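Hi,

Here is the structure I promised to hand over. Have a look at it, and then read on for what I found.

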Amino acid sequence: LLPWPKVDFAKFGPIERRELSRIKRISGANLMRNAVMIPAVTNHDDADVTELEAFRVQLNKEYEKQGIKVTMLAFLIKACVAALKKFPEFNSSLDVEGGSEALILKNYWHIGFAADTPNGLVVPVVRDADRKGVLQIAQETAELAQKARDGKLSPAEMSGATFTISSLGGIGGRYFTPIINAPEVAILGVCKARTEPVWNGQAFVPRLMLPLSLTWDHRVIDGAAAARFNAYLGQLLADFRRIVL
Ligand code: CAO
């Protein structure tokens, strides 16, 4: 590789030097390794969340007095757990000690979620998300996100994830390509849902569509499996009753 370009920027205009935060220095090194070492591919898809969003709004009215905010992220965590159970290789890691020739499949479902903080990106983890309901997950993610912003997450609260969700849905954008959080083998990026005309076979109807971007490690997962994972996730989000099947 060529050496990194050395430029005296001050020659071209006024500059300011700002040290990177501790979090940025640590996460930067991890992101660099993961971006360079993982043969990653991203599949983009859309899920029809029209009914789910209406249900979420209704739940929020019901639980307002108890101070619980039911979030899209909580539903996504629950739906991802169901998809991970159906496609277990997405909930695995490569056994590098053993020469990368075996997969370690995990029979627990700890879901990390990217949280934006003033000092940089951190990934708190909801443990045993398979054993928790959407309301509990919503409360836990809210508490963990607050702790993240206050810089009070313990190392234990940021470790052990088997799969990660990175949601930019509250901010905007259409699709992006998230970087896998090694040693996990897949990550789901979510952007802002918007109402679009969707053909129902007879007419275009307005539907709320949620953009999904699934990045996966091609050493472990094939494109067909990734497309099936996204399609299944889309089915669950379109009709959440399917989660009990
Ligand atoms: N589509 C449309 N609207 C959405 C949405 C989606 N997918 N997800 C959330 N929203 C809306 C919510 O309805 C809510 O609106 P109201 O305030 O009107 O109720 C608003 O956005 C905020 O949503 P929320 O309270 O549910 O929070 P969130 O799930 O968007 O965010 C968290 C929680 C922790 C994920 C967020 O604070 C965060 O840190 N996001 C950034 C993650 C990140 O940086 N990822 C990139 C990593 S790679 O660098």
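Before the rest, two notes on the ground rules. This is a predicted model, in which local features need pLDDT of at least 70 and side-chain atom pairs count only at pLDDT 80 or more, while totals for chains, interfaces and linings use all residues. Residues are numbered from 1 along each chain as its sequence is written, and side-chain values use heavy atoms, with hydrogens and water left out.

Back to Thr71, which sits in the loop between helix H2 (50–63) and H3 (helices are DSSP runs of H or I with at least four residues, strands are E runs of at least two, and both are numbered from the N terminus). Leaving aside residues up to four places away in sequence, Thr71 touches Arg56, Ala138 and Thr141 (contact means heavy atoms within 4.5 Å). Its C-alpha atom is separated by 17 Å from that of Ala148, 77 residues apart along the chain.

Next, the helix packing. Helix H3 (residues 72–86) and helix H4 (residues 134–149) have axes that come within 8 Å and cross at roughly 120°; axes are lines fitted to C-alpha atoms, for helices over the stretch in contact, and angles run from 0 to 180 degrees between N-to-C directions. That makes H3 oblique to H4 (under 35 degrees is roughly parallel, over 145 roughly antiparallel, 65 to 115 roughly perpendicular, and the rest oblique). The residues that meet are Leu73, Ala74, Phe75, Ile77 and Lys78 in H3 and Val134, Ile137, Ala138 and Thr141 in H4. By class, this contact of H3 with H4 has seven nonpolar, one polar and one charged residues (Ala, Val, Leu, Ile, Met, Phe, Trp, Tyr, Cys and Pro count as nonpolar, Asp, Glu, Lys and Arg as charged, and the others, Gly among them, as polar).

H3 also packs against helix H5 (residues 223–238), where the axes come within 9 Å and cross at roughly 135°. H3 and H5 are therefore oblique to each other. Here Leu76, Ala79, Cys80, Ala82, Ala83, Leu84 and Lys86 in H3 meet Phe229, Tyr232, Leu233, Leu236 and Leu237 in H5. The residues of this contact divide into 11 nonpolar, no polar and one charged.

Cys80 is buried at a relative accessible area of 0%, and Cys191 counts as buried at 3%.

Two backbone details are worth a look. Most residues other than glycine have a negative phi, and most peptide bonds are trans. The peptide bond from Ala182 to Pro183 is cis, with omega near 10°, and Pro183 lies in the loop between strand S8 (163–167) and strand S9 (186–190). Asp128 has a positive phi of about 45° although it is not a glycine; Asp128 is in the loop between strand S7 (125–126) and H4.

Finally, Phe12 lies in the segment before helix H1 (22–37) and counts as exposed at 65% relative accessibility.

Best wishes

How values were computed: Buried means under 20% relative accessible area, exposed over 50%, partly exposed in between (1.4 Å probe, protein chains only).
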